[in-house]
Amino acid sequence: MPSLLLVEDDPSIRMAIELALTRQGHRVTAAATGEEGLELWQSQRPELVVLDVMLPGLDGFEVCRRIRRTDQVPIILLTARSDDIDVVVGLESGADDYVVKPVQPRVLDARIRAVLRRHGGAVPEQADVAVFGDLAVDRSAMIVSRGGSPISLTPTELKLLVELSRRPGQALSRQQLLRLVWDHDYLGDSRLVDACVQRLRAKVELVPGDPQLIRTVRGIGYRLDPPR
């Protein structure tokens, strides 16, 4: 039974989501403020955080940033609007996915399970390592390293890099990457891909502003190239 932390300030919404997720088989701990959420995250170390954006005091963006300083736990944002600015700021803060309010419990549960699958990952029996210069992507152990030193990635960043590494030199569209990494391909969610690529480049590229590994293919999406 996965342990989840739900941070939502509206009592009725918080109770409804907590009840629905509990019925779906999750073990839920709830918080009403960002400060309380951070305290529970530190003390309980949940397997996933469901985080409302519009919180009193410490908002969801800041809570997400603080968690990401030391922890790669999966984070799903709840946003009352689908405005690009809200979504992009949240994704750039380190969130793995987002769900727009009013929340449909089945949709939220599906997104949670998809993120947890990325976090757990199936481990193949044989070693499966792709090497790009001094960057190694161990697809069996689900570890990325540069020069032998591990690089800390979120489950979604890791899954994205793994999928790109399976098809070196092949351009993958944003819709293809949504299906492969996020398990859905809603047209409006291409910003999930762009934000995740931006965060991934910051961690694996020697010069993020001049990427030599994860290339943008104009009008299509992205591809992973070995260094020149």
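Two strands count as paired if DSSP finds at least two bridges between them. In this predicted model, three strands form an open sheet in the order 10-12-11, and the pairing is antiparallel. Strand 10 (172-173) and strand 11 (214-217) stand at the edges with a single partner strand each, so one side of each is left without a neighbour in the sheet. Helix 8 packs on this sheet, where it touches strand 11 and strand 12, and its direction makes about 145° with that of strand 11. Between strand 10 and strand 12 (residues 221-224) the antiparallel pairing runs over two bridges, and Leu172 stands opposite Tyr222 in strand 12.

A parallel pairing is found elsewhere in the model, between strand 3 (residues 48-52) and strand 4. The two pairings are set out below.

| Strands | Sense | Bridges | Residues facing each other |
|---|---|---|---|
| Strand 3 and strand 4 | parallel | four | Val50 and Ile76 |
| Strand 10 and strand 12 | antiparallel | two | Leu172 and Tyr222 |

Strand 4 (residues 75-79) has five of its five residues buried, so it is largely enclosed by the rest of the structure. Ile75, Leu77 and Thr79 point one way from strand 4, whereas Ile76 and Leu78 point the other way, and all are buried. Ala80 lies in the loop between strand 4 and helix 4 (84-92). Although Ala80 and Asp52 are 28 residues apart in sequence, their C-alpha atoms are 8.5 Å apart in space. When neighbours within four places in sequence are left aside, Ala80 is in contact with Val100 and Lys101.

Helix 3 (residues 60-68) is likewise described by its burial: seven of its nine residues are buried, so helix 3 is largely enclosed by the rest of the structure. The buried residues are Gly60, Phe61, Glu62, Val63, Cys64, Ile67 and Arg68, a list that includes the charged residues Glu62 and Arg68. The N-terminal end of helix 3 is capped by Asp59, of which a side-chain oxygen lies 3.2 Å from the backbone nitrogen of Phe61.

Helix 8 (residues 190-204) also packs against helix 6 (residues 155-165), at an angle of about 85° and with the axes 10 Å apart. That angle makes helix 6 roughly perpendicular to helix 8, because angles of 65 to 115 degrees count as such. On the side of helix 6, the contact is made by Thr156, Glu157, Leu160 and Leu161, which meet Cys196, Val197, Arg199, Leu200, Lys203 and Val204 in helix 8. The residues of this contact divide into six nonpolar, one polar and three charged.

Terms used. Residues are numbered from 1 along each chain as its sequence is written. This is a predicted model: local features need pLDDT of at least 70, side-chain atom pairs count only at pLDDT 80 or more; totals for chains, interfaces and linings use all residues. Side-chain values use heavy atoms; hydrogens and water are left out. Buried means under 20% relative accessible area, exposed over 50%, partly exposed in between (1.4 Å probe, protein chains only). A polar contact is a pair of N or O atoms within 3.5 Å; within protein, one must be able to donate a hydrogen and the other to accept it, and residues adjacent in sequence count only if both atoms are side-chain atoms. Axes are lines fitted to C-alpha atoms, for helices over the stretch in contact, and angles run from 0 to 180 degrees between N-to-C directions. Angles under 35 degrees count as roughly parallel, over 145 as roughly antiparallel, 65 to 115 as roughly perpendicular and the rest as oblique. Contact means heavy atoms within 4.5 Å.
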